[in-house]
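Subject: Structure for your review

Dear colleague,

Please find below the structure that I am handing over to you, with its sequence. My notes on what was found in it follow directly after.

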Amino acid sequence: MNSEFDHILDEVLPVASGEPETEPETEQDGVQTESQEETIAPVEHPEAVLEVVLFSMGHSVGLKKLAMTIGREPEETQSILNKMIENYQSQDRGITIIELDGSFQMCTKNEMYEHLVRITKVPKNYVLTDTLLETLSIVAYKQPVTRLEIEKIRGVSCDHAVNKLIEYNLIMELGRLDAPGRPLLFGTTEEFLRAFGVKSLDDLPLLRQDRFEDFKREAEEEIQLKLDI
């Protein structure tokens, strides 16, 4: 999928104006919030503790929470995690740890997929059409962005594309713009980073300014083609 996305990405653009509303941090999936954190003495085997936490949680866990769990500073915890990631690169290991925008998750290596599907159900794959990829690109580089801003760039309605990308968990609602009508703001999700194999938005390829004009022209051609048919 990474190769599909790369062909439309060239030079980074500034993000859209307007700050999303943020919700206060709450307890999720059994992980304590910062307000609930307590001082913990450094554990004797931090690697083992980090391994069992990441394995048990099943989703990504923030660096600060991991550091609190082993009683270490975030910088030292990051160093320990980097060493673990390096050790997991060995060919005789089937799992690895990935970093996702300051959080870490334990998962299986991509090359193990063919062995897993022999005993599990094949996961449902989503199909990213050119329209979805273009819309996703706009959200990725202009976020936080409204539907209207997306439609101005593409020149056509984006309701279907936005709803599909939300369904695929590649984008999400970030809040509302402080403007008349308070339109919804959209941005990418952690699943987006995971799907395209990047640690953070800073790792995205560069996108040329004129590519957004290309998106609009391609959308107009798409509409004309449908009319001709």
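**Surroundings of Ser200**

Leaving aside residues up to four places away in sequence, Ser200 touches Asp101 and Leu193, where contact means heavy atoms within 4.5 Å. This is a predicted model, in which local features need pLDDT of at least 70 and side-chain atom pairs count only at pLDDT 80 or more, while totals for chains, interfaces and linings use all residues. Residues are numbered from 1 along each chain as its sequence is written, and side-chain values use heavy atoms, with hydrogens and water left out.

Ser200 is located in the loop between α9 and α10 (211-228); helices (H or I, at least four residues) and strands (E, at least two) are DSSP runs, numbered from the N terminus. Ser200 counts as buried because its relative accessibility is 13%. The classes are buried under 20% relative accessible area, exposed over 50% and partly exposed in between, for a 1.4 Å probe and protein chains only. Ser200 and Gly102 are 98 residues apart along the chain, and their C-alpha atoms are separated by 8.0 Å.

**Sheet and packed helices**

An open sheet is formed by three strands in the order β1-β3-β2, with antiparallel pairing. Two strands pair if DSSP finds at least two bridges between them. β1 (61-62) and β2 (95-100) are the edge strands, each pairing on one side only. Between β2 and β3 (residues 103-108) there are six bridges in the antiparallel sense; Ile95, for instance, has Thr108 in β3 as its bridge partner.

Helix α4 (residues 74-88) packs on the sheet and touches β2 and β3, its direction making about 140° with that of β2. Helix α2 (residues 46-57) lies across β1, β2 and β3 and runs at about 75° to β3. For these angles, axes are lines fitted to C-alpha atoms, for helices over the stretch in contact, and the angles run from 0 to 180 degrees between N-to-C directions.

**Salt bridges**

Seven salt bridges are present in the structure, each being a side-chain nitrogen of Lys or Arg within 4 Å of a carboxyl oxygen of Asp or Glu. One of them joins Glu99 and Lys199, whose closest N and O atoms are 3.9 Å apart. Since Glu99 lies in strand β2 and Lys199 in the loop between α9 and α10, this pair ties together parts that are 100 residues apart in sequence. Glu99 is buried, with a relative accessible area of 19%, whereas Lys199 is partly exposed at 47%.

Another salt bridge links Glu167 and Lys164, with 3.5 Å between the closest N and O atoms. The two residues are three residues apart in helix α8, so about one helical turn separates them. Glu167 is exposed, its relative accessible area being 52%, and Lys164 is partly exposed with 24%.

In helix α9, Glu191 and Arg194 are likewise three residues apart, which means a separation of about one helical turn. Their salt bridge has its closest N and O atoms 2.6 Å apart. Glu191 counts as partly exposed at 22% relative accessibility, as does Arg194 at 28%. Through salt bridges that share partners, Glu190, Glu191 and Arg194 are joined into one network.

The structure holds one aromatic pair. Phe192 and Phe196 form this tilted pair, with 5.0 Å centre to centre and 50° between the planes. Rings of Phe, Tyr and Trp (its six-membered ring) pair if their centres lie within 6.5 Å; planes under 30 degrees apart count as stacked, over 60 as edge-to-face and the rest as tilted. Both residues lie in helix α9, four residues apart, about one turn of the helix. Phe192 counts as buried at 0% relative accessibility, and Phe196 counts as buried at 2%.

**Nonpolar cores**

Phe192 is also among the members of the largest nonpolar core that touch the most other members, together with Leu128, Leu136, Ile150, Leu165, Leu170 and Ile171. This core has 26 residues; a nonpolar core is a set of buried Ala, Val, Leu, Ile, Met, Phe, Trp, Tyr and Cys residues joined through side-chain atoms within 4.5 Å. At least two residues of this core come from each of α6 (130-142), α7 (147-154), α8 (159-167) and α9 (190-196). α6 supplies the largest share, seven residues. A second, separate core has 16 residues, including Leu50, Leu66, Tyr88 and Ile97.

Yours sincerely
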